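Work through the following exercises with the sequence and the structure beside you. Try each task before you read its solution.

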Amino acid sequence: MTVKVYSEEWAEQFKDEVNKSNTYKAAAKGWKWTVGLVVEAEPDKNFPESRGVVMDLFDGAARDITVGPASDAQKCDFVITAPYSRWKQVVMKELDVTKGMLQGKLKLKGDLPTIVRYTKAAQEMTECTTRIPVEWPDEN
Amino acid sequence: MLGGLIEANVRANVHKRQDFDALVARVGIWVTDIDEGVTLVFDDGRLTVYNGLEPRRTITIHAEAETVMSLSNLKIGPLGLPVYYDDVGRGVALKLLRGRLKIDGLLPNIGTLNRVTRIFSVQ
């Protein structure tokens with residue numbers, strides 16, 4: 001079933017996908033920090049307000065994933081920030097998360113060595129987002 | 001990002017700090033699948049990061065983004081040498097053999113490469 005991107009339903013499906021992934025489970029073993037994704041507003045893309053995805057991840061599992069204001073995501077241990085259209089590129093597999101981070105297209109806050117140690121987990125997590133059928137606000 | 005990674009590593013680990021302080025080298029990293037790169041100029045405890053490849057490089061690493069990340073994930077063995085016999089190390093060695101990882105200036109500068117690898121490694 002198609003869900004609106006960055007909605008509560010989307011967050012629920014994202015959590016299910018992460019918890020279904022054996023690849024993520026193995027790659028994120030030992031991970032114990034929260035991750036926030038900040039999706040910056042792009043009013044011209046019908047995405048008028050920034051949103052935040054807060055992920056409570058622990059030892060290869062997603063304990064909780066919620067969507068709310070960007071300020072919630074900014075409080076996480078690790079924060080990845082990009083405009084709406086860039087996140088859309090990630091979800092559409094047009095931008096690889098590793099390349100995006102190396103190029104500075106996805107801005108990263110948090111301990112870099114830890115993130116680099118878990119590159120595979122980050123890649124699989126974004127891969128999980130590609131498995132959720134979504135409605136995009138700029139495609140209505 | 002690579003400059004930030006080195007800064008964090010050096011701040012957190014005294015051995016990496018010693019390597020960093022002793023290193024004088026111009027290291028180019030060209031990420032082949034994004035067609036972008038940087039030159040890291042190490043100069044007695046200082047690091048300057050330039051966008052693109054600057055002249056007079058000691059070594060230049062050409063690799064895909066994923067391989068650059070793998071280089072950062074190489075474990076360092078007891079003699080301070082990168083470990084090439086675990087999964088990550090074997091992957092890097094295979095890429096080197098298959099030409100998907102190229103290191104210009106490798107043979108005369110193996111010591112420099114090992115030191116750079118130690119500074120880069122997050123393991």
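Two residues are in contact if their C-beta atoms, placed from the backbone, lie within 7 Å. This is a predicted model, in which local features need pLDDT of at least 70 and side-chain atom pairs count only at pLDDT 80 or more, while totals for chains, interfaces and linings use all residues. Residues are numbered from 1 along each chain as its sequence is written, and chains are lettered from A and ligands numbered from 1 in the order in which they are written.

**Exercise 1.** Describe the side of chain A that touches chain B.

Solution. Begin with the contacts themselves, which join 13 residues of chain A to 16 residues of chain B. Next, look for the elements involved, where helices (H or I, at least four residues) and strands (E, at least two) are DSSP runs, numbered from the N terminus. Helix 5 (97–103) and helix 6 (112–117) of chain A each supply at least two residues of this side, and helix 5 of chain A gives the largest share, five residues.

**Exercise 2.** Work out how strand 3 and strand 4 of chain A are arranged.

Solution. Recall first that two strands pair if DSSP finds at least two bridges between them. Strand 3 (51–58) of chain A and strand 4 (residues 61–69) of chain A pair in the antiparallel sense over eight bridges. Within this pairing, A:V54 stands opposite A:T66 in strand 4 of chain A. Finally, examine the turn: the two strands form a hairpin with two residues between them, and A:D59 in the turn has a positive phi of about 50 degrees.

**Exercise 3.** Is A:P43 buried or exposed?

Solution. Locate A:P43 in the loop between strand 2 (34–40) and strand 3 of chain A. Then apply the rule that a residue is buried if 20 or more other C-beta atoms lie within 10 Å of its own, exposed if 12 or fewer, and partly exposed in between, with C-beta atoms placed from the backbone. Because A:P43 has 9 C-beta neighbours inside 10 Å, A:P43 counts as exposed. For chain A as a whole, buried residues make up 41% of the 140 residues.
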